[in-house]
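Me: I'd like to go through the labels on this protein and see where each one comes from. Could you set the values against the cut-offs as we go?

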Amino acid sequence: MPSAGLFITFEGIDGAGKSTHIASLADAFRAAGRHVTLTREPGGTPLAEKLRDLVLNDAMDPLSEALLMFAARRDHLQQVIEPALQRGEVVLCDRFTDATFAYQGGGRGFDLGVLRQLEHWVQSRPGSEQLRQPDLTVWFDLPPSVAAQRLAAARAPDRFESQPQAFFERVAAGYAARLGEAPGRFARIASDRPKELVWQQVRQAVEQRGWLQVSGAAA
Ligand code: TMP
């Protein structure tokens, strides 16, 4: 249970359409009088944004990729996420560690045991037995074939967006595996639907947990 703030993360394969709904949820929380920190991974601090640029654009081996994701996460947690939660804010984060398990673990086939060790190191908290984990993870679950059509129309793809559909099938399986390990933390949102219906599911997931009585619709 969140003691001070609320930590909500958003996941899905590239093209799943997270952005609009993250912005709408931020608006809804603000309308309800909450302070919102809107952030993303990899990124969210000056150092982590530099690491993002490297990891999205420069060739590297899977271990380097995983280490850079977690290095960026460590800085982001320390500089932004933990302080905001301590201030009692709502932190809405576009991707977090589930993305590493899905993309590096599922997509790249990288060693899950190593990822678990890194997760443990990076998300440990002084004076607590529990790792820092999201209070809720909204997973925008879109069939990779549909995402591929959306991505085909997109701007110049990065190192992940340019992957074949089979890669995203493995990423989606990676997300499903993470959900299986912590079902109570996840809200799986069927995203192959009109935007308004997807927004309703997002709203319900938050309302059901008693965190927000949202009356508005997607922006
Ligand atoms: P974005 O385009 O949604 O901002 O995400 C950036 C890309 O980084 C996206 O293709 C997913 C990828 N990614 C990973 O591979 N591992 C991670 O841990 C994170 C946070 C993102």
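Reply: Let's start with arginine 209, which lies in the segment after helix H8 (195-208); helices here are DSSP runs of H or I with at least four residues, strands are E runs with at least two, and both are numbered from the N terminus. This is a predicted model, where local features need pLDDT of at least 70, side-chain atom pairs count only at pLDDT 80 or more, and totals for chains, interfaces and linings use all residues. Residues are numbered from 1 along each chain as its sequence is written, and side-chain values use heavy atoms, with hydrogens and water left out.

Me: Why is arginine 209 called partly exposed?
Reply: Its relative accessibility is 27%. Buried means under 20% relative accessible area and exposed means over 50%, with partly exposed in between (1.4 Å probe, protein chains only). So 27% puts arginine 209 in the partly exposed class.

Me: What is arginine 209 in contact with, leaving aside neighbours within four places in sequence?
Reply: Leu136, Gly184 and Phe186, where contact means heavy atoms within 4.5 Å. Aspartate 135 is 74 residues away from arginine 209 in sequence, yet their C-alpha atoms are 9.9 Å apart.

Me: And histidine 21: buried or exposed, and how do you know?
Reply: Buried, because its relative accessibility is 3%. Histidine 21 sits in helix H1 (residues 19-31). Not counting residues up to four places away in sequence, histidine 21 touches Phe140, Lys195, Val198, Trp199 and Val202.

Me: What makes arginine 30 and aspartate 27 a salt bridge?
Reply: Their closest N and O atoms are 3.8 Å apart. A salt bridge is a side-chain nitrogen of Lys or Arg within 4 Å of a carboxyl oxygen of Asp or Glu, so the label follows from that cut-off. The two residues both belong to helix H1, three residues apart, about one turn of the helix. Arginine 30 comes out at 41% relative accessibility, so it counts as partly exposed, and aspartate 27, also at 41%, gets that label too.

Me: How many salt bridges does a search of the whole structure find?
Reply: It finds 15. One of them joins arginine 87 to glutamate 89, with closest N and O atoms 2.9 Å apart. Arginine 87 counts as exposed because it has 56% relative accessibility, while glutamate 89 is at 11% and therefore buried. Arginine 87 is in the loop between H3 and S3, and its C-alpha is 7.1 Å from that of alanine 4, although they are 83 residues apart in sequence.

Me: Which residue forms a salt bridge with glutamate 181?
Reply: Arginine 116, with the closest N and O atoms 3.3 Å apart. Glutamate 181 is in helix H7 (residues 165-181) and arginine 116 in helix H5, so the pair ties together parts that are 65 residues apart in sequence. There's a network of salt bridges here too, linking Asp98, Arg116, Glu119, Arg178, Glu181 and Arg185.

Me: Why are H3 and H4 called roughly antiparallel?
Reply: Helix H3 (residues 62-86) and helix H4 (residues 97-107) pack at an angle of about 175°, with their axes 11 Å apart. Axes are lines fitted to C-alpha atoms, for helices over the stretch in contact, and angles run from 0 to 180 degrees between N-to-C directions. Under 35 degrees is roughly parallel, over 145 roughly antiparallel, 65 to 115 roughly perpendicular, and the rest oblique. H3 and H4 are therefore roughly antiparallel to each other. Glu65, Ala66, Met69, Phe70 and Arg73 of H3 make the contact with Thr97, Thr100 and Gln104 of H4.

Me: What makes the nonpolar surface patch?
Reply: Leu63, Leu67 and Val114 make it, covering about 210 Å². Patch residues have over 30% relative accessible area and no salt bridge; like charges are joined within 9 Å, nonpolar side chains (Val, Leu, Ile, Met, Phe, Trp, Tyr) within 5 Å. The areas come from the Shrake-Rupley method with a 1.4 Å probe, and for residues only the protein chains shown count as cover. Valine 114, in helix H5 (residues 112-123), has 31% relative accessibility and so counts as partly exposed.

Me: Where is the cis peptide bond?
Reply: From glutamate 41 to proline 42, with omega near -10°. Proline 42 is in the loop between strand S2 (36-40) and helix H2 (46-57).

Me: What is phi of arginine 95?
Reply: Near 80°, a positive value in a residue other than glycine. Arginine 95 lies in the loop between strand S3 (90-94) and H4, and its relative accessible area of 13% is why it is called buried.
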